[in-house]
Amino acid sequence: MPHTDRVKQILSWYPSDNPGTLTNLARLLNTGTLAGTGKLVILPVDQGFEHGPARSFGPNPAGYDPDYHIQLAIESGCNAYAAPLGFLEAVAGKYAGEIPLILKLNNSDSLAKVPNPMSAVTSSVKDAVRLGCTAVGYTIYPGSGARNEQYEDLRDIIAEAKSYGLPTVLWAYPRGNLSKEGETGIDVVAYAAQISAQLGAHIIKVKPPQDHLEQAEAKKAFEKAGIATKTMSDRVREVVRSAFNGKRIVIFSGGEAKGTEALLEEIKQINAGGGFGSIMGRNAFQRPHAESIKLLKDVMAIFAGKA
């Protein structure tokens, strides 16, 4: 399809990228219900690895089957489907070309409690190419004592991915030397978005920021600059601004499972604050199938300005 003006504008923000990378970024923006709007709704299913099968798929046992998730992403009109190597190897050949795939290159489990969180690299850029993926994904934990190693690994991954024409989606989850509240504090989430943009991510995924300021120096800066933080839309606006004044795509996770009304209200606030979309896993696939489809379509309607 011809690019809309909005897609052309977004692509213009990545002038150093080669045509292959821009083509794949455009494919993400031109797929599904939100094609051409500049907004994204992605279904990520890495929770089986991250949290375990019963916690992830027990509420909806159909989710134990890898085919279920990619079918859900296609049927609901998502822009892309993201998963670790095993889940993608199970479905990539069956659904080749039907939806953009994002290979999550690193993952962690919840069995070990370690002082310096760091995900293991569990697949490669070449795996992504072999499986026909449109992008690669990677997680960093700003605040972890192991963050520098993560950043250095990411540098090499982004360079290799670009050489194959693949953009990078970066999960930026502050963790480590922070309070539990601080992991989603507005100053910390905005800082994580800035770090992600500086590291070269094309699409940045963060958690919805809360009205909490973790760092004393940041609190002074927010107050001096008069940066509003009271509403979710205020906080989303600051996170997006922190990613090169909105010139990087910033999408927000669905987070812990929550009621439909609360979830859709949060999506409305994210949209009002200029967020580029949502990457929603458990809040979608843990529901009965028909309910999952309706929820994802309702979320897309909000980002499309139709609800």
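Me: Which strands pair in the parallel sense over three bridges?
Reply: In this predicted model, that's strand 2 (residues 80–83) with strand 3 (residues 101–104).

Me: And what's the bridge partner of Ala82 in strand 3?
Reply: Ile102 is the partner there.

Me: OK, how many strands close into the barrel, and in what order?
Reply: Eight strands, going 1-2-3-6-7-8-9-10, with parallel pairing. From one strand to the next, the twist averages 25°.

Me: Where does helix 14 pack?
Reply: Helix 14 sits on the sheet and touches strand 1 (40–44) and strand 10 (277–279). Its direction makes about 155° with that of strand 1.

Me: Which strands does helix 9 lie across?
Reply: Helix 9 (residues 186–199) lies across strand 6 (135–140), strand 7 (168–172) and strand 8 (203–206). Against strand 8, helix 9 runs at about 155°.

Me: Switching to helix on helix: at what angle do helix 12 and helix 14 pack?
Reply: About 25°, and their axes are 9 Å apart. Helix 12 covers residues 260–272, and helix 14 covers residues 289–303. Angles under 35 degrees count as roughly parallel, so helix 12 and helix 14 are roughly parallel to each other.

Me: Is their crossing left-handed or right-handed?
Reply: Helix 12 and helix 14 cross in the right-handed sense.

Me: Which residues make that contact?
Reply: On helix 12 you've got Thr260, Leu263, Leu264, Ile267, Lys268, Ile270 and Asn271. Helix 14 brings Glu291, Leu295, Asp298, Val299, Ile302 and Phe303.

Me: How many of those are nonpolar, polar and charged?
Reply: The contact of helix 12 with helix 14 has eight nonpolar residues, two polar and three charged.

How values were computed. Residues are numbered from 1 along each chain as its sequence is written. This is a predicted model: local features need pLDDT of at least 70, side-chain atom pairs count only at pLDDT 80 or more; totals for chains, interfaces and linings use all residues. Side-chain values use heavy atoms; hydrogens and water are left out. Axes are lines fitted to C-alpha atoms, for helices over the stretch in contact, and angles run from 0 to 180 degrees between N-to-C directions. Helices (H or I, at least four residues) and strands (E, at least two) are DSSP runs, numbered from the N terminus. Angles under 35 degrees count as roughly parallel, over 145 as roughly antiparallel, 65 to 115 as roughly perpendicular and the rest as oblique. A crossing is left-handed if the near helix is turned anticlockwise from the far one by less than a right angle, and right-handed if clockwise. Contact means heavy atoms within 4.5 Å. Ala, Val, Leu, Ile, Met, Phe, Trp, Tyr, Cys and Pro count as nonpolar, Asp, Glu, Lys and Arg as charged, and the others, Gly among them, as polar. Two strands pair if DSSP finds at least two bridges between them.
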